[in-house]
Amino acid sequence: MTALLALTAIVAVVFLALGAGKVAAVAPMRVRAAHLGYSTGAYRVIGTLEIAGAVGVALGPVAPSLGALAAVGLLLLLCGAAVTHVRHGDRPSVLAPALVAALLVAAYLAVLLGARP
């Protein structure tokens with residue numbers, strides 16, 4: 001249960017922060033959106049989905065099905081991020097955060113599903 005709570009906190013905080021930055025259209029996020037060919041509005045939609053995923057993950061320990069669905073949604077977003085970075089020829093160091101986040105979400109999902117009765 002400790003691993004689940006730790007992963008829940010990490011994943012929820014990371015995606016809440018990333019999503020909030022996109023929704024608020026802070027300067028680094030606007031630069032990243034432009035680099036990837038997204039409008040600020042499209043990046044805000046992605047940020048909203050990240051916030052929704054963070055909330056779903058946070059509820060995962062008490063609503064495992066919701067947490068699992070939220071984690072799958074975040075993994076799909078991260079797959080899209082990885083594909084987008086590869087298509088834009090970004091260096092591995094730019095792609096790495098998406099891959100690390102995907103590993104964290106996958107670990108959360110594995111522990112969540114392993115903790116189910």
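Here is a short tour, from the whole chain down to a few single residues. Keep in mind that this is a predicted model. The protein chain holds 5 helices and 0 strands, so its pattern along the sequence reads α-α-α-α-α.

**The whole chain**

- A compact globule of 117 residues would have a radius of gyration near 13 Å, and the 14 Å of the protein chain agrees with that.
- Along the principal axes, the C-alpha atoms fill a box of roughly 45 × 25 × 20 Å.
- Of the contacts between residues at least 6 apart in sequence, 70% join residues at least 24 apart.

- Buried residues account for 33% of the 117 residues in the protein chain.
- The accessible surface is about 6,400 Å², and carbon and sulfur atoms own 76% of that area.
- Val55, Leu59, Val62 and Leu66 together make a nonpolar surface patch of about 360 Å².
- Leu59, one of the patch residues, sits in helix α3, which covers residues 40-59.
- Is Leu59 buried or partly exposed? Its relative accessibility is 37%, which lies between the 20% and 50% cut-offs, so Leu59 counts as partly exposed.

**A closer look at Thr8**

- You will find Thr8 in helix α1, which spans residues 2-23.
- Thr8 counts as buried because its relative accessibility is 7%, and the cut-off for buried is under 20%.
- The side chain of Thr8 reaches the backbone oxygen of Leu4 at 2.6 Å.
- Which residues does Thr8 touch, leaving aside its neighbours within four places in sequence? They are Val57, Ala58, Pro61 and Tyr108.

**A closer look at Thr84**

- Thr84 belongs to helix α4, made of residues 64-87.
- With a relative accessible area of 12%, Thr84 is buried too, because that value is under the 20% cut-off.
- Setting aside neighbours within four places in sequence, Thr84 is in contact with Leu36 and Tyr38.
- The side chains of Thr84 and Tyr38 also make a polar contact, at 3.3 Å.
- How far apart in space are Thr84 and Val105, C-alpha to C-alpha? The distance is 19 Å, while in sequence Thr84 and Val105 are 21 residues apart.

Note on methods: Residues are numbered from 1 along each chain as its sequence is written. This is a predicted model: local features need pLDDT of at least 70, side-chain atom pairs count only at pLDDT 80 or more; totals for chains, interfaces and linings use all residues. Side-chain values use heavy atoms; hydrogens and water are left out. Helices (H or I, at least four residues) and strands (E, at least two) are DSSP runs, numbered from the N terminus. The radius of gyration is taken over C-alpha atoms; the globule rule is 2.2 Å times the number of residues to the power 0.38. Buried means under 20% relative accessible area, exposed over 50%, partly exposed in between (1.4 Å probe, protein chains only). Contact means heavy atoms within 4.5 Å. Accessible areas come from the Shrake-Rupley method with a 1.4 Å probe; for residues, only the protein chains shown count as cover. Patches are made of residues with over 30% relative accessible area and no salt bridge: like charges are joined within 9 Å, nonpolar side chains (Val, Leu, Ile, Met, Phe, Trp, Tyr) within 5 Å. A salt bridge is a side-chain nitrogen of Lys or Arg within 4 Å of a carboxyl oxygen of Asp or Glu. A polar contact is a pair of N or O atoms within 3.5 Å; within protein, one must be able to donate a hydrogen and the other to accept it, and residues adjacent in sequence count only if both atoms are side-chain atoms.
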